[in-house]
Amino acid sequence: MIDAHFHYDFTNDSKLDLNNIEKIMNDNSIEKILLHIIDPCLSVKQLCNITWPTNIIPSVMLNPLEKICSLELEKLKNHNIRFVKILPYEQNIDYKDFPKILEYAKKIQEYNMCLVICAAYGSKNIYKTNGIHLAEYLLGNGIISPLIVAHGGMTKVLDTLLLMEEYPNLFMDISFSLYYWWGSTVIQDYAFVIKKMSGKRIFYGSDYPNVTIEQSLNIFKDFCYKYDINSSIQQNILNSNFSELCNSL
């Protein structure tokens with residue numbers, strides 16, 4: 001199993017406890033993770049000085065609105081870190097900033113890297129920005145490199161589907177959303193999207209530690225049982241799809 005959306009709460013002394021992360025993985029039979037590093041205590045220099053094991057794939061959050069961002073992105077590329085993440089709500093990326101993000105995405109594309117956009121929908125800025133709208137803007141303006149919509153877009157997962165049908169370089173993970181929206185009609189939309197896409201370009205993710213590994217897996221199993229998601233599609237979501245993406249970078 002691959003967990004394509006994993007966080008770790010690093011301590012304030014900025015030590016990367018990879019051994020503890022691997023223990024969590026081993027205890028839960030997780031073969032590989034995409035580790036999203038959004039801790040401001042950790043510098044790009046520190047992250048580039050680490051020899052990353054093959055089963056922990058780092059994804060680093062940069063601020064594309066800062067001038068230093070282009071230099072930091074180049075450092076990541078030179079150290080073979082291929083995933084970068086942005087959080088539109090938390091980083092206050094407004095609609096007016098979308099052209100700047102497009103230039104950032106073009107550089108990511110040039111470096112053969114993958115951009116992950118958090119598409120959780122909410123917060124006090126609910127109408128000031130949106131990850132799905134940003135993804136559509138980038139795709140519509142010529143970005144053809146892999147682009148992952150994290151959390152599937154939540155209430156906008158049907159919009160994500162329409163974009164995935166139009167753009168073959170768009171992917172999504174289903175982290176957090178099944179857990180958060182369980183019992184609502186949004187869950188039915190996720191089942192519809194997964195079946196409509198035949199499970200392709202969709203990744204399992206836990207969003208650990210916001211959701212425990214056990215909670216995430218139990219919800220995924222219940223979801224697949226309730227909506228009759230067959231074993232072949234489950235295997236694609238849990239493993240094959242993300243492996244194929246990694247092999248393309």
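Tutor: Start with the second largest pocket. Its lining residues divide into 10 nonpolar, three polar and three charged. The model is predicted, so take each value below as computed from that model. The second largest pocket holds about 280 Å³ of space. It is lined by 16 residues, and the closest to its centre are Pro40, Leu42, Met61, Leu62 and Glu72. Two elements give two or more residues to this lining: helix H2 (44–48) and strand S3.

S3 leads on to the largest pocket. That pocket has a volume of about 380 Å³. Of its 17 lining residues, Thr54, Ile57, Pro58, Asn80 and Arg82 are the closest to the centre. S3 (56–61) gives two or more residues here, and helix H10 (231–248) does too. By class, the lining has 10 nonpolar, five polar and two charged residues.

Rolling a probe the size of a water molecule over the atoms shows where empty space is left. Searching the whole structure turns up one cavity of 30 Å³ or more. The largest cavity contains about 70 Å³ of space. Its lining comprises 13 residues, with Ile174, Phe176, Leu178, Gly205 and Ser216 nearest the centre. Helix H7 (177–181) and helix H9 (213–226) are the elements that give two or more residues to this lining.

Pro209 sits in the loop between strand S8 (202–203) and H9. The peptide bond from Tyr208 to Pro209 is cis, and its omega is near 5 degrees. Most residues other than glycine have a negative phi, and most peptide bonds are trans. The phi part of that rule brings in Asn92. Its phi is near 55 degrees, a positive value in a residue other than glycine. Asn92 belongs to the loop between strand S4 (83–86) and H4.

H4 takes us to helix packing. Two packed helices are described by the angle between their axes and the distance between the axes. For helix H4 (residues 98–110) and helix H5 (residues 131–140), the axes come within 10 Å and cross at roughly 60 degrees. H4 and H5 are therefore oblique to each other. Their crossing is right-handed. On the H4 side, the contact is made by Phe98, Pro99, Ile101, Leu102 and Ala105; on the H5 side, by His133, Leu134, Tyr137 and Leu138. Eight of these residues are nonpolar, one is polar and none is charged.

The axes of helix H6 (residues 157–166) and helix H8 (residues 185–196) come within 9 Å and cross at roughly 10 degrees. That makes H6 roughly parallel to H8. The crossing of H6 past H8 is left-handed. H6 makes the contact with Val157, Leu158, Leu161 and Glu165, while H8 uses Asp189, Tyr190, Phe192, Val193 and Lys196. By class, this contact has six nonpolar, no polar and three charged residues.

Terms used
Residues are numbered from 1 along each chain as its sequence is written. This is a predicted model: local features need pLDDT of at least 70, side-chain atom pairs count only at pLDDT 80 or more; totals for chains, interfaces and linings use all residues. Side-chain values use heavy atoms; hydrogens and water are left out. Axes are lines fitted to C-alpha atoms, for helices over the stretch in contact, and angles run from 0 to 180 degrees between N-to-C directions. Helices (H or I, at least four residues) and strands (E, at least two) are DSSP runs, numbered from the N terminus. Angles under 35 degrees count as roughly parallel, over 145 as roughly antiparallel, 65 to 115 as roughly perpendicular and the rest as oblique. A crossing is left-handed if the near helix is turned anticlockwise from the far one by less than a right angle, and right-handed if clockwise. Contact means heavy atoms within 4.5 Å. Ala, Val, Leu, Ile, Met, Phe, Trp, Tyr, Cys and Pro count as nonpolar, Asp, Glu, Lys and Arg as charged, and the others, Gly among them, as polar. On a 1 Å grid over the protein atoms alone, a cavity is a set of points where a 1.4 Å probe fits but cannot get out, and a pocket is an open set with protein on both sides within 12 Å along at least five of seven lines; lining residues have an atom within 4 Å of a point. Grid points are joined across faces, edges and corners, and a volume is the space filled by probe spheres set on the points.
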